[in-house]
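Q: I would like to go through this model with you, one topic at a time. Could we begin once the structure is on the screen?
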Amino acid sequence: MEYLPYHYLLSTVGHAGHLKYHDVSTGILLTQFPTHLGSPSSMAQNPHSAIIHLGHANGTMTLWSPNMTTPHVKLLAHRGPVTGIAVDASEGSAGRYVATCGMEGRVKIWDGRMWGKEVRSWAVRNTPTSLSYSGRGMLAVGGKSSVTVYRDLTSSSTESELSKLPQPYLNLPLPALSARSTKFCPYDDLLCVGHQRGISSLLVPGSGEANFDSNEADVYETYTRRRERDVRGVLEKIRPELITMDVNLLGTVAEAKGGETFAEREARSFRQLGRMERLRKEGQLGEGLGGEAPASDEEDAGAGAEAEGESGRADKGKKKMR
C-alpha cells in the first residue's frame, strides 16, 4: 500500500495484479485497473509527482497514475524479479532519481528525465530485498545478513567515476537474518530495519533533513493544530486529474494562439464547432435554396426595415384616396 497525503488517496495492489485507488476522505473506490503483469513484488511512490512505481516478477518496472489505464512508463529494469524500489525525495533530486534492486543481486539507479539508461549500477554481495532513501539522499540497501548505507551516488559528473563500485558509508550486520523492510526516520539521523526477530535501528549521521517546513511537517505541533491541518488538507486536497509525470506542467500559463476566427484562437477541433462554423469552414454556406447564399443578420435587419417603410407609405396613400 502507498498513501498519497496531498490527494487523500490510498493506492493498493494485490496478488491478482489489480491496482486500486481509494479516496479516504469520502470512502469510495475511485478507480481500478489490471496491470496484466501478475503479482507485483515491490511498490513505491514519487512524493513529488504522486506517480506509483510497481516492480514485477518478470523484471519490469511500471509507472501508474489514476488518469490512465496503461502505464506511463514500462521499463525492463532487471533480469529477475524486482525486489525493491525507492525514489529519492531529497531537495536536490526532487524525485528525479529512482533506485531499484533485483533478485540477480544488482542495484541500479535511473534518471527519471531519461528512462532506459541507467545512471549507476553495481553488484552487491548478498541478495538485496529492500531499498530506502533518506532526506539527504543517502541510500540504504537491505539484504540477507546485513544492511549497507551509501551516499553521494549521483554527485559525480564523469562516467569513469560513476562506473566504479561505490564505497559503503555504514554497515549494519544482521547475522542469520534478512532485512524485510528498511526506512529512514524523517528529519532524524535514524534508520529502522525490520526482520524476522523484530526491529533494529542504526544511527546514520547526516542522513536526516535538519531544516523542516513547519507548514508541511511540524514536529512540535499540538493536537489542536494537527486537527486544523487535517481539516484544511481535506478542503484543499489536490484532484486526482492533476497527477502527471511532468510536475513543471502544472501552474504554467498557456500562451495565446493567434488566429482570425474564434475556433482558430481556441484551437477547437472540427467536432466541437457549430453547424454554421462547419459549413463556413467547408465553404458550403453559398449553397442555399435556389443557389443563393443565406443572408446574414445585418442584411436581414436592413431588409426588414425597408419592408416596414414600404408598407407604411402604402397605408398613407390609401387614406388620401379615401
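**Surface, salt bridges and backbone**

Q: How exposed is Val 219?
A: Val 219 is partly exposed, because its relative accessibility is 48%. Here buried means under 20% relative accessible area, exposed over 50%, and partly exposed in between, with a 1.4 Å probe and protein chains only. This is a predicted model, in which local features need pLDDT of at least 70 and side-chain atom pairs count only at pLDDT 80 or more, while totals for chains, interfaces and linings use all residues. Residues are numbered from 1 along each chain as its sequence is written, and side-chain values use heavy atoms, with hydrogens and water left out.

Q: Where is Val 219 found?
A: Val 219 lies in the loop between strand E18 (198-203) and helix H2 (223-235). Helices (H or I, at least four residues) and strands (E, at least two) are DSSP runs, numbered from the N terminus.

Q: Which residues form a nonpolar patch on the surface?
A: The patch consists of Tyr 187, Phe 212, Val 219 and Tyr 220, and together they have about 430 Å² of accessible area. Accessible areas come from the Shrake-Rupley method with a 1.4 Å probe, and for residues only the protein chains shown count as cover. Patch members have over 30% relative accessible area and no salt bridge; nonpolar side chains (Val, Leu, Ile, Met, Phe, Trp, Tyr) are joined within 5 Å, and like charges within 9 Å.

Q: Changing topic, how many salt bridges does the structure hold?
A: The structure holds 6 salt bridges, each defined as a side-chain nitrogen of Lys or Arg within 4 Å of a carboxyl oxygen of Asp or Glu. One of them joins the side chains of Lys 108 and Glu 118, at 3.7 Å from N to O. That pair links distant parts of the chain, 10 residues apart: Lys 108 is in strand E11 (residues 106-111) and Glu 118 in strand E12 (residues 118-123).

Q: Is Lys 108 buried or exposed?
A: Lys 108 is buried, because its relative accessible area is 13%.

Q: Which residue meets Arg 229 in a salt bridge?
A: Glu 221 does, with an N to O distance of 2.7 Å. Arg 229 is partly exposed at 27% relative accessible area, and Glu 221 is partly exposed at 23%.

Q: What does Glu 216 touch?
A: Leaving aside residues up to four places away in sequence, Glu 216 touches Tyr 6 and Arg 229, where contact means heavy atoms within 4.5 Å. Glu 216 and Arg 229 are 13 residues apart in sequence and 9.1 Å apart in space, C-alpha to C-alpha. Glu 216 is in the loop between E18 and H2 and is partly exposed, at 43% relative accessibility.

Q: Now the backbone: what is the phi of Tyr 8?
A: Tyr 8 has a positive phi of about 55°, although it is not a glycine. Most residues other than glycine have a negative phi. Tyr 8 sits in the loop between strand E1 (2-4) and strand E2 (9-13), and is buried at 14% relative accessible area.

Q: What about the phi of Ser 145, and where is that residue found?
A: Ser 145, also not a glycine, has a positive phi of about 70°. Ser 145 is in strand E14 (residues 139-150) and is partly exposed, with a relative accessible area of 30%.
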